[in-house]
Amino acid sequence: MNFIKLLDNLSNQEFLNSKGSRRDSFKQFGKTGKNIALASIPFALAATSSKAKAATASMSAAAFQATPSEVLNFALTLEYLERNFYQIAMDTDGLIPEADRAVFGQILKHESSHVEFFKAAVEGLGEEPIPEPTFDFTGGDLMLDTFENYATFMALSQGFEDTGVRAFKGQAGALANDNDLLTFALQVHSVEARHASQVRRMRGQKGWVTGGTAASNGIPSVFDAIYAGEANTVQGGVELAGLFPDFGGPQAVQEAFDEPLTMDEVLAIGGIFIVS
Amino acid sequence: MKKPVIKVQKKEFAPIENNNSRRQFLKMGSLAVVGSGFLLSCSNDDDFTEPVDPEEVFDLGSGNLGILNYAYALEQLEADFYTKAVAGAYYTGLADDSEEKQIIRDAWYHEVIHREFFKAAISDVAPNDILPELEFDYGSIDFDNRDSVLSTALLLEDTGVSAYNGAGKLIDVTAPLGDVYLLLAGKIVSVEARHAAAFADLINPGTTAFARDGILVDLGGTGLSYDKALPPSEVIAAAGGFITTEFTANQLPTS
């Protein structure tokens, strides 16, 4: 796995030496199970229990650990991955059927813009944008036939877009103190969701995430991490699953809310395709 | 249809102190799914401690409460629209197993869930200051007509996306539950965007409509690759034509 390499790419001495260093942040983000548990702390409950209050405070702290430039470089990494992926696909003769090229051409255009935007945004903070990683979309040992089999390409496309939605959502809190950056990230976030909806539907899936596993979302189970936690039906402290029997029940409740992923969860997914 | 309840926003948004808040939240959620449709009758009125003055117009309020009420207004509109859409001849005439019917039905479910969720969330922290149930008028929109329903659905979903994108920065994350509200807005806005893409593609299948240049904006000269982020004033001006219940938004945060 290339996760460590990716972390190294994201790291630099300046941050390692500063308070709340990137490496520390990643270590803390690494306690995945804990973060997932905290993320589901009910807000109504939080008000009535001091223990829950502390947990809510921890959740805030976790959400605020990454600095804005770290978040932007993280976003840039994802956008590099997507741009590279769609560029190769569009350049591969015979992969994308003529009827679908308009869609993927539009998505490529957006991901290319996003790369340029996040590069400029990092520079705008006086930081150095991370260089583009080297990607391997066969996933190394997975030996995926990504650019030979349209079905594989489409499945990965869906996975990347759904992951992108979750990744940006997971960083909203870390950008909350910068109105401009938060808004820019939201403006990218919803475009990723448009892409995800379109690709999912082209694959015969619902445009919205149906909870469940990778398999139930139509992609190989090796990518379970992409949909882990999406089946959540507890929002704002209330179990909603049983409250809407006449409106689609628990399935519709799952679909009605997209769930975030932490930075390390996203990098673990993206890292599968990053060589260096 | 119940007559709109009109009252004046007076209280500042306060942190939850009521030990019964969770129970209340659950109660609201349960009530919401009892009976036909989502007409809550007048059960809410018991919570109002001050006499209602019909001359005074409801204001969405300030701070995070104002933003929650603002989102609740938009979700009421969307949910009401789909509730009417699924009663129309266009929807009922679709084949039960068609994707088109599934998309509209799911959007209806999701928006009803969003609406009831906001109702419960606001009732939990500010039961006396929740936006009343609004009434709507869709003018010339023909719920029996495919083009009319789909184009209006797309308009509402695109508006919802730009509204949540613009509201994110208005949420005060230093206030109680502020970070939770911001995340919830993020959880909902991407579902609105998924809806918007699906409706756009139903209207113009297989094209760039799902994320078309005409709805996206440029950032920093990098291209038309970003959804809009609109302030409440613009959103209310755009969606307000459908809302017949008068309310004001005089105290919403602007940054």
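**Figure 1. Surroundings of Ala185(A) in the predicted model****.** Apart from neighbours within four places in sequence, Ala185(A) is in contact with Ala75(A), Phe168(A), Gln171(A), Ala172(A) and Leu175(A). Ala185(A) also belongs to the largest nonpolar core, a set of 144 residues. The members of this core that touch the most other members are Ala75(A), Ala185(A), Leu68(B), Ile113(B), Ala167(B) and Ala185(B). Helix 6 of chain B, residues 178-203, gives the most to the core, with 16 residues. In soluble globular proteins, nonpolar side chains tend to be buried together.

**Figure 2. The side of chain A that touches chain B****.** Contacts join 62 residues of chain A to 57 residues of chain B. On chain A, the elements giving two or more residues to this side are helix 5 (43-46), helix 6 (50-63), helix 8 (101-124), helix 9 (150-170), helix 10 (179-202) and helix 12 (249-256). Helix 10 of chain A gives the most, with 17 residues. Sorted by class, the side of chain A that touches chain B has 32 nonpolar, 20 polar and ten charged residues.

**Figure 3. Packing of helix 12 of chain A on helix 4 of chain B****.** The axes of helix 12 of chain A and helix 4 of chain B (residues 99-125) are 9 Å apart, and the helices pack at an angle of about 75 degrees. Helix 12 of chain A is therefore roughly perpendicular to helix 4 of chain B. From helix 12 of chain A, the contact takes in Ala252(A), Val253(A), Glu255(A) and Ala256(A). Helix 4 of chain B contributes Asp106(B), Tyr109(B), His110(B), Ile113(B) and His114(B). By class, five nonpolar, two polar and two charged residues make up this contact. Ile113(B) is also one of the residues that touch the most other members of the largest nonpolar core.

**Figure 4. Val115(A) and its contacts****.** Val115(A) is part of helix 8 of chain A. Val115(A) counts as buried because it has 23 C-beta neighbours inside 10 Å, where the cut-off for buried is 20 or more. Leaving aside neighbours within four places in sequence, Val115(A) contacts Leu76(A), Glu79(A), Tyr80(A) and Arg83(A). Asn73(A) is 42 residues from Val115(A) in sequence, and the C-alpha to C-alpha distance between them is 10.0 Å.

**Figure 5. Helix 9 of chain A and the loop between helix 8 and helix 9****.** Helix 9 of chain A has 21 residues and reaches 30 Å from first to last C-alpha, close to the 30 Å expected at 1.5 Å a residue. Of these 21 residues, 18 are buried, so helix 9 of chain A is largely enclosed by the rest of the structure. Met143(A) lies in the loop between helix 8 and helix 9 of chain A. Met143(A) counts as exposed, with 8 C-beta neighbours inside 10 Å. Its phi is positive, about 50 degrees, although Met143(A) is not a glycine.

**Figure 6. Leu177(B) in chain B****.** Leu177(B) is in the loop between helix 5 (146-167) and helix 6 of chain B. Leu177(B) is not a glycine but has a positive phi, near 70 degrees. Within 10 Å there are 26 other C-beta atoms, so Leu177(B) is buried. Chain B has seven helices and four strands, in the order α-β-α-α-α-α-α-β-β-α-β from the N terminus on. Of its 255 residues, 49% count as buried. Among contacts in chain B with a separation of 6 or more, 79% are between residues 24 or more positions apart.

How values were computed:
Residues are numbered from 1 along each chain as its sequence is written. Chains are lettered from A and ligands numbered from 1 in the order in which they are written. This is a predicted model: local features need pLDDT of at least 70, side-chain atom pairs count only at pLDDT 80 or more; totals for chains, interfaces and linings use all residues. Two residues are in contact if their C-beta atoms, placed from the backbone, lie within 7 Å. Ala, Val, Leu, Ile, Met, Phe, Trp, Tyr, Cys and Pro count as nonpolar, Asp, Glu, Lys and Arg as charged, and the others, Gly among them, as polar. A residue is buried if 20 or more other C-beta atoms lie within 10 Å of its own, exposed if 12 or fewer, and partly exposed in between; C-beta atoms are placed from the backbone. A nonpolar core is a set of buried Ala, Val, Leu, Ile, Met, Phe, Trp, Tyr and Cys residues joined through C-beta atoms within 7 Å. Axes are lines fitted to C-alpha atoms, for helices over the stretch in contact, and angles run from 0 to 180 degrees between N-to-C directions. Angles under 35 degrees count as roughly parallel, over 145 as roughly antiparallel, 65 to 115 as roughly perpendicular and the rest as oblique. The expected span of a helix is 1.5 Å times one less than its number of residues.
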